[in-house]
Amino acid sequence: MPCTPEAVDVLKKANVLIAPAIAAGAGGVVAGELELNHECNLLNWSPEDFESKLQEAMKQIYQRALKAASDFGYQKESPEALVHGAVISAFLTIAQAMSDQGCV
């Protein structure tokens with residue numbers, strides 16, 4: 001769940017890494033896609049396979065966010081690095097898709 005601004009201030013002062021809500025939401029989307037593929041018999045996975053695929057997707061989201069944050073000058077040790085990186089990564093992904101489709 002997203003934190004209130006006051007909670008973010010407390011976390012920053014304690015130097016606690018802040019997980020971006022946008023990334024947590026992406027995890028729900030990935031889980032939904034995996035469940036849909038399973039239910040439609042497109043793919044059949046064990047619970048362990050499902051968990052493994054979800055964890056791999058979340059690792060990729062984390063790595064993309066951390067790379068974007070670093071690429072744009074945020075120190076990975078900064079409590080807000082993942083928040084900024086996740087937003088930057090999402091923006092770049094959407095911008096690339098729009099460019100690929102000739103929208104811009």
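This is a predicted model: local features need pLDDT of at least 70, side-chain atom pairs count only at pLDDT 80 or more; totals for chains, interfaces and linings use all residues.
**Notebook: pockets and a surface patch**

Started with the largest pocket: 13 residues line it, and A26, I61, R64, S89 and A90 are the ones that lie nearest its centre.

Next I looked up the volume of the largest pocket, which comes out at about 260 Å³.

Then I asked which helices supply the lining of the largest pocket. Helix 2 (21–39), helix 3 and helix 4 each give at least two residues. Which one has the largest share? Helix 3 does, with 5 residues of the lining.

For the largest pocket I have 9 nonpolar residues, 3 polar and 1 charged.

Moved on to the second largest pocket, where I get about 190 Å³ of space. Its lining has 11 residues, and C3, I18, A19, P20 and A21 lie nearest the centre.

Last stop was the surface. I found a nonpolar patch of about 430 Å², made by F72, Y74, F91 and L92. I wanted to know where F72 is found. F72 sits in the loop between helix 3 (47–71) and helix 4 (81–100).

Methods
Residues are numbered from 1 along each chain as its sequence is written. Side-chain values use heavy atoms; hydrogens and water are left out. Patches are made of residues with over 30% relative accessible area and no salt bridge: like charges are joined within 9 Å, nonpolar side chains (Val, Leu, Ile, Met, Phe, Trp, Tyr) within 5 Å. Accessible areas come from the Shrake-Rupley method with a 1.4 Å probe; for residues, only the protein chains shown count as cover. A salt bridge is a side-chain nitrogen of Lys or Arg within 4 Å of a carboxyl oxygen of Asp or Glu. Helices (H or I, at least four residues) and strands (E, at least two) are DSSP runs, numbered from the N terminus. On a 1 Å grid over the protein atoms alone, a cavity is a set of points where a 1.4 Å probe fits but cannot get out, and a pocket is an open set with protein on both sides within 12 Å along at least five of seven lines; lining residues have an atom within 4 Å of a point. Grid points are joined across faces, edges and corners, and a volume is the space filled by probe spheres set on the points. Ala, Val, Leu, Ile, Met, Phe, Trp, Tyr, Cys and Pro count as nonpolar, Asp, Glu, Lys and Arg as charged, and the others, Gly among them, as polar.
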